[in-house]
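Hi,

Here is the structure I said I would pass on.

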Amino acid sequence: MRISARADYAVRAALELAAAGDDCPLKAEAIADAQGVPRKFLEGILNDMRRGGLVVSRRGGQGGYKLSAPAETVTVADVIRVVDGPLVSVRGERPPALSYTGPAESLLPLWIAVRANVRAILGEVTLADIACSKLPERVYKLAEQPESWTNP
């Protein structure tokens, strides 16, 4: 699985909004400055997040962006799906739409298992978990394994 710059920036922006809370809308410029991301690129991402229902925006001097739901209910998977589409795809298709024959036949359950594991992590971790540095224990356990930090 590859995390695109778009998905990374979207999650980082959502975390800024989660940390700011409901009472304090943030301007795109403030989010971009805080996270060191290109403002114009971020504005497009925030518009996608607005169209996807993850954020709401208000114009004007007191305007800006804020999450449309509590950070405790928004998962990393929710954010990535809004800006990048399905979490796992093969050649641009979702695994259940694929079929293989012969020696490749076992690829389908492998891709389904990969998707299930990605969902199990990204669909469980909320913006509030990350913003409060309280990831689920199994995430910490996976990250503590030395092989998690090396590239084969």
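**Notes on the helices**

Tyr9 is buried, at 18% relative accessible area (buried means under 20%, exposed over 50%, partly exposed in between, with a 1.4 Å probe and protein chains only). Before I go on: this is a predicted model, where local features need pLDDT of at least 70 and side-chain atom pairs count only at pLDDT 80 or more, while totals for chains, interfaces and linings use all residues. Residues are numbered from 1 along each chain as its sequence is written, and side-chain values use heavy atoms, leaving out hydrogens and water.

Back to the rings. The count comes to 1 aromatic pair (rings of Phe, Tyr and Trp, the last by its six-membered ring, with centres within 6.5 Å; planes under 30 degrees apart are stacked, over 60 edge-to-face, the rest tilted). Tyr9 and Phe41 have ring centres 5.6 Å apart and planes at 80°, so they pair edge-to-face. Tyr9 sits in helix α1 and Phe41 in helix α3 (residues 39-51), 32 residues apart, so the pair links distant parts of the chain. Phe41 is partly exposed, with a relative accessible area of 34%.

Then the helix packing. The axes of α1 (residues 5-20) and α4 (residues 76-84) come within 9 Å and cross at roughly 130°, so the two are oblique to each other (under 35 degrees is roughly parallel, over 145 roughly antiparallel, 65 to 115 roughly perpendicular, the rest oblique). Arg6, Ala7, Ala10, Val11 and Ala14 of α1 make the contact with Val76, Val79, Ile80, Val83 and Asp84 of α4 (contact means heavy atoms within 4.5 Å).

Cheers

Methods: Axes are lines fitted to C-alpha atoms, for helices over the stretch in contact, and angles run from 0 to 180 degrees between N-to-C directions. Helices (H or I, at least four residues) and strands (E, at least two) are DSSP runs, numbered from the N terminus.
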